[in-house]
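Hi,

Here is the structure I promised to pass on to you. Have a look at it first, and then read on for what turned up.

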Amino acid sequence: MIYLVREKNHMMKKIIFLFIFAVSIIFISHQQAYAVTITATPQSPVFGPNDWIVVNLKIQGYNGGPVFWVAHRPDNSTISGNLTQVKATGIITHQIVRNAFDNYFGNWSINYVYDGVNQTVNFKVNSLGLTVLTDKDLYYEPDMMQINITTAYYIPVANQAEFFYLTFYDQNGNVVKDIPEIDIRASQRSTVYNFHMTGLADYDPPGLYKLRIQYYNTVIEVPFLLGKYGNLMQVSAHTDKGAYQVGEAVNMELLFTRVTHSTGTLKITEPSGNITVHKFQVYSVHTFLVLDNVTTNVGTYNYVIQYGGVSQSGSFSVVADKTALPNIEVGIFLDRLNYRPGDVIYIKIQTSQVITDSTSIWVVDPNSVEYPRLSLPISGVDTILTHKISKNAISGQWKLYIDYDGIVRNVPYFVTGPPVNNTETFNTNQLSEPLFVSDFGANFIAPSGIAIDSSDDIYVVDSGSSQIRKYDSTGKLLLSWGNLGSGNGQLLHPSGIFVGEKYVFVTDTGNARIDVFNKDNGTFIYSWGSYGDGRGMFNTPVGIDADDQGNLLVSDSGRNTIQEFNTNFTFMDEFKSLATNYGNFTATNGIALDSKDNIYVSTPEDRILEFSGIGNFVNFFGSQGAEEGRFNNPTAIAIDSDDNVYIADTGNNRIQKFDPYGNFVLSWGSTGTSHGQFEDPVGLAIDKSNNIYVVDKKNGNIQKFALRGMVFQTTPTPPSQPVNATSTPTPPSQPVNATSAFTLQSIPQTSTKTKGSNEYVDPQEMSLVLSMINQWEKSNPHEK
């Protein structure tokens, strides 16, 4: 009985154990079937400095509720939150909104917790990589600080890029008030900004300064020193004499310890107390100024030279002329401004009356070395003298002097470039007179401008009828448009014309505007401008041409301003008359650009002025007269494929040709109505074959000429008057500045004291040249 009870108890224990074991197995299996796991994957192992943080989460065994997270940033600070928008499938994208302004660059980690389960994800945020370098540590007032800013993060679309903010601080940590904050778009990896120290040195003392650059919230500070420029720069100034006669030119010599600025300032106080301030060009540490028309009154003149933050003062006096020089006018006119070694200078001596039959002439080189004086004959009130520059002549500004019975005058000129060689001097191809080919154009009332397109179609402005006419290369009329008026498509006595790839641009002179037409059908497109002196306004627009970029330049016969417009017809820039003997102009007529985008304009002062593509004065050639190389109201300009320059010498009824250096080459034409004769030539154009088209206003036709034959090239041909020898020098490629009160010219100098030789035209040599020309003409009568 006892045994049976024990068996029963043992069986009960076994059953209970098996039940508990089965329940445990079921419970453990259930737990394993529904275990929670977290998978966190960053969208990128490395995020950009301006990127949001994006992590893709998947919660295995998600059963509702939020996911908690804590982000550890590079500076060990944390942010936290919970994710509540988890899908039933346990998927969610976690985004932390940020940008580069937070400055949290480096290693990040985020810890996620759900239902007691933890998961950590690691990633990196790249920095902006801001680097700032300056070119040196110590600057002086004339210096340019070159600031190079480099970043690993930039946006190449400028209007979407963030700014670099540049601020200057003084040694006390205060913002320099006179220098506004500089903002630069970070649209490229490296940006170079040039800061001129003048803006700082003009108002702030020498000492320690700091440049602070902020990009987003990343800041870099660069210390630098501003030195006391007075300890570095010294200026010496003195005139060639202490006393001058009324009307005499003042020669001033300047010495600088170094060249830091392209210009300086001269302030002159006259005996009356009147003060004039003028800018002058500085080309080297040794610079000369020529002051014309300043010695107008007897008394003491005080002057102050200011350059590079340093001033130098002095004085000179003007005394009464005790020698009672003759009361006549004497002028010297060179044929151009720039010459090469070996060139021939043609000097025109013009006097109001003849008081002697000879003059003394001499030159002074850039090192102030004076060459021997020569006595040369004077044949009348207008005399042409020649001087041959030595092939060994040093480069720089020379001065030519004459002494006409006690009246001394001088002019500067410049010698530069390689020497002229013999093949240039005697190349006969260049001087052959172009051959008349044909003429065309009936019923013109007063033709003026002409242009030729890439297909050799010819466009003529008939100012009298206010029409534009288009011809083919044979002179057949293809199209005409325009009529008198001020509405769209109407014209009021237009004068100039330029033809581009798609459009015809016309200077609508009477309406003071530029009109644009379709070149294929003459349809009006657009016009801009109105009468006035402001930017984009005109007085009397007459000439128009374009550079290689399609930017348009417009000359104005009513203003001393040339204006430039971009391809959207928007005003870009202008350059005005320079207050110098050479670069000044009261107005401009014709305008043309050569293959290097140098700009040539004709002026009422009977000169052709050459400017660089950015408007710097380079050269002039010509002066008033009927001699070869001189002009009487030059108007139109055209340039051939070799950059030879053709001028419509309107008042002399001829066309003149010059080489790219401004040397006279040849002329053709005379007054009349026959072929090759002109009465008011006012327009010029050259086609792809270098055929030359001349618009004759009074004869009402277009004459076509072809280049042919042989004769001479670079050196000027002998003038029509007897040749006399004279003396020599040449001026700088850049003009000089002055004032309306007087003319100031700065002359570049060299520091090497090398005496060059001085040559005058050998009469026997010139006789030989003339003989060669005569013999050639006799043997080639049809080419004469």
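This is a predicted model: local features need pLDDT of at least 70, side-chain atom pairs count only at pLDDT 80 or more; totals for chains, interfaces and linings use all residues.

Now to the charged side chains. Searching the whole structure gives 17 salt bridges. Among them is the one between Glu627 and Lys348, with 3.4 Å from N to O. Glu627 lies in the loop between β49 (617-621) and β50 (634-639), while Lys348 belongs to strand β27 (residues 344-351), so this pair ties together parts that are 279 residues apart in sequence. Are these two residues buried or exposed? Both Glu627 and Lys348 are buried.

Another buried pair is Arg513 and Asp515. Their salt bridge has its closest N and O atoms 3.1 Å apart.

Glu370 and Arg373 also form a salt bridge, and here the closest N and O atoms are 3.7 Å apart. Glu370 has a relative accessibility of 45%, which makes it partly exposed. Arg373, at 48%, is partly exposed too.

Finally, which residues are linked in a network of salt bridges? They are Lys210, Arg212 and Glu221.

Happy exploring, and do write back with any questions!

Best wishes

Definitions and conventions. Residues are numbered from 1 along each chain as its sequence is written. Side-chain values use heavy atoms; hydrogens and water are left out. A salt bridge is a side-chain nitrogen of Lys or Arg within 4 Å of a carboxyl oxygen of Asp or Glu. Helices (H or I, at least four residues) and strands (E, at least two) are DSSP runs, numbered from the N terminus. Buried means under 20% relative accessible area, exposed over 50%, partly exposed in between (1.4 Å probe, protein chains only).
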